[in-house]
Amino acid sequence: MMGIATRWVYVESAGDEESGESFAWQDGKVLSAAQNAEREQLHRELEDIVERAEFDERAEWGRAVRSGDRLLVEVEATPMTGAARRLTATVVVSVARPDTEWASETAGEIAAILRDAEISIASDRLAQAFDEGWSRKTPFDWLRLTRVLAAAGAALTIAWWWMRSAGRVRKRRRAKVPTSGEQE
Amino acid sequence: MAPLVPWVAVTAGGAAVSWYLVRRLRRRKYRIAVLGARYSGKTTLINSWRGEWVEDEFDPGRTQAPQRYAKTKLTAEGLRLTFTNLTDVAGAINAWPAWEDRVKESRYVLYLVDARALAGSLRLFKGRDWHRLEDDAGLMGGWLGANHVELCLMVVTHTDEDARLRKLGEEQYQELVMTQLDPLILKLGGPRKVRVVIGSLKRLQDAQGVTAQIMREIIGWEKSK
């Protein structure tokens with residue numbers, strides 16, 4: 001779809017095995033268990049998105065984290081081959097358009113990718129997560145505003161104090177220099 | 001000259017009090033890394049700190065994408081601590097680079113050890129068995145040595161699911177666990193840099209007990225400096 005790129009689809013296995021059993025898909029390819037470098041890259045990217053998140057929200061549809069043009073979404077998944085544990089599907093998409101009309105189609109594509117790996121997700125939930133995650137406005141950063149105002153206030157106070165003391169010195173100097181009339 | 005003396009004394013006194021207060025406040029705000037293999041209890045412990053206790057049947061499963069909390073305040077047995085930028089990381093081996101990042105920016109490291117791995121009941125589960133603990137300890141020992149971590153706390157969890165506890169009783173069980181942990185402690189930097197906390201995270205009150213032990217260790221360490 002125009003302006004949308006699915007970067008990662010990741011589901012850790014239902015059993016207790018290590019990452020060999022977890023499903024990882026990157027840019028159109030399923031990663032094998034041996035592709036450790038790519039899997040490490042996945043974890044690094046997830047960490048980077050969370051660290052730079054403009055917002056990070058959990059709701060009944062799952063979790064959405066937005067960082068620039070990247071949107072990370074986590075929704076519930078279930079294995080088709082009957083394991084008891086609930087799974088989480090983590091999806092990262094790059095979005096280069098402001099609207100959310102892409103949400104349903106992209107969710108359908110991701111549901112199909114997971115279906116091939118015998119994992120089932122509710123694509124309408126994923127679409128809702130995309131929609132909510134992408135359309136939600138970044139909350140106003142009061143802390144940053146406070147810091148900027150405090151820094152500006154401090155800078156103005158220093159400038160005022162410096163100008164005042166410079167003015168005093170100038171006055172004192174002027175007072176010390178004898179005028180031509182006095183010399184005579 | 002004489003009128004200056006009280007002014008100097010007041011200024012010096014004020015500066016000393018401010019310095020003491022700032023140090024005291026700073027002393028109780030730390031960065032901590034909570035690490036451990038899958039199902040070792042990282043999310044459960046962090047949730048208990050944040051008042052978001054989740055019973056087993058509603059367990060949302062594994063942590064895949066990390067979760068960051070700007071400020072987490074702990075109070076137990078009259079002690080108070082604040083952890084800043086606390087991150088709940090994944091326990092997969094592919095998340096080791098993310099673990100290293102956490103260690104780099106932390107003053108304290110909690111390494112959660114599943115008692116079932118010590119008991120040998122996880123030997124069929126690759127990535128959660130004794131070998132995983134050895135691998136983790138080897139890597140973390142290197143990171144701890146290279147960074148500014150003050151103390152590493154090994155937190156043995158899931159003791160409620162270790163049959164040896166019922167068989168041996170509390171005291172003997174702890175002795176046995178400590179003996180088992182010895183090689184890992186050495187890998188992590190030796191007993192001078194590593195402390196051990198043993199408990200269960202089965203119920204909220206158990207988790208609070210573990211938290212109180214962790215806090216006692218951290219505050220004790222800070223006071224000893």
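**View 1. His158(B) sits in the loop between β6 and α6 (163-168) of chain B.** Helices and strands here are DSSP runs (H or I, at least four residues, for helices; E, at least two, for strands), numbered from the N terminus. This is a predicted model, in which local features need pLDDT of at least 70, side-chain atom pairs count only at pLDDT 80 or more, and totals for chains, interfaces and linings use all residues. Residues are numbered from 1 along each chain as its sequence is written, while chains are lettered from A and ligands numbered from 1 in the order in which they are written. Is His158(B) buried or exposed? With 24 other C-beta atoms within 10 Å, His158(B) is buried. The cut-offs are 20 or more other C-beta atoms within 10 Å for buried, 12 or fewer for exposed, and partly exposed in between, with C-beta atoms placed from the backbone. Take a look at the backbone too: phi of His158(B) is near 60 degrees, a positive value in a residue other than glycine. Most residues other than glycine have a negative phi.

**View 2. Asp27(A) lies in the loop between β2 (23-26) and β3 (29-30) of chain A.** Here is another positive phi in a residue other than glycine, with a value near 40 degrees for Asp27(A). Asp27(A) is exposed, as 9 other C-beta atoms lie within 10 Å.

**View 3. Asp69(A) is found in the loop between β5 and β6 of chain A.** This residue counts as partly exposed because Asp69(A) has 13 C-beta neighbours inside 10 Å. Leaving aside residues up to four places away in sequence, Asp69(A) touches Ser94(A), Val95(A) and Ala96(A); a contact means that two C-beta atoms, placed from the backbone, lie within 7 Å. For a sense of scale, the C-alpha atoms of Asp69(A) and Leu143(A) are separated by 23 Å, and the two residues are 74 residues apart along the chain.

**View 4. Helix α3 (residues 123-135) of chain A carries a set of buried residues.** Chain A as a whole has 5 helices and 8 strands, in the order β-β-β-α-β-β-β-β-α-β-α-α-α along the sequence. Of its 184 residues, 31% count as buried. Among contacts in chain A with a separation of 6 or more, 56% come from residues 24 or more positions apart. In α3(A), the buried residues are Ser123(A), Leu126(A), Ala127(A), Gln128(A), Ala129(A), Phe130(A), Gly133(A) and Trp134(A). Their cover includes β5 (62-67), β6 (70-79), β7 (87-95), α2 (103-116) and β8 (119-121) of chain A. How far apart are the end C-alpha atoms of α3(A)? They are 18 Å apart, which agrees with the 18 Å that 13 residues should span at 1.5 Å a residue. The expected span is 1.5 Å times one less than the number of residues.

**View 5. Helix α8 (residues 204-224) of chain B has its buried residues along one face.** Those buried residues are Ala207(B), Val210(B), Thr211(B), Ile214(B) and Ile218(B). Seen down the axis of α8(B), they fall within an arc of 100 degrees, so they line one face of the helix; the arc is taken over the directions from the helix axis to the C-beta atoms. Turned away from that buried side are the exposed residues Gln205(B), Gly220(B), Lys223(B) and Ser224(B). Elements covering the buried residues of α8(B) include α2 (42-49), β3 (67-76), β4 (79-88), β5 (108-114), β6 (151-157) and β7 (194-198) of chain B.

**View 6. α2(B) and α8(B) are roughly perpendicular to each other.** They pack at an angle of about 90 degrees, with their axes 10 Å apart. Axes are lines fitted to C-alpha atoms, for helices over the stretch in contact, and angles run from 0 to 180 degrees between N-to-C directions. Angles under 35 degrees count as roughly parallel, over 145 as roughly antiparallel, 65 to 115 as roughly perpendicular and the rest as oblique. From α2(B), the contact uses Thr44(B), Leu45(B), Ser48(B) and Trp49(B), and from α8(B), Leu204(B), Ala207(B), Gln208(B), Val210(B) and Thr211(B). By class, this contact has 5 nonpolar, 4 polar and no charged residues. Nonpolar covers Ala, Val, Leu, Ile, Met, Phe, Trp, Tyr, Cys and Pro, charged covers Asp, Glu, Lys and Arg, and polar covers the others, Gly among them.

**View 7. α1(A) and α3(B) are oblique to each other.** Helix α1 (residues 36-51) of chain A packs against α3(B) at an angle of about 45 degrees, with the axes 8 Å apart. Glu40(A), His43(A), Arg44(A) and Glu47(A) of α1(A) meet Pro97(B), Ala98(B) and Asp101(B) of α3(B). The residues of this contact divide into 2 nonpolar, 1 polar and 4 charged.
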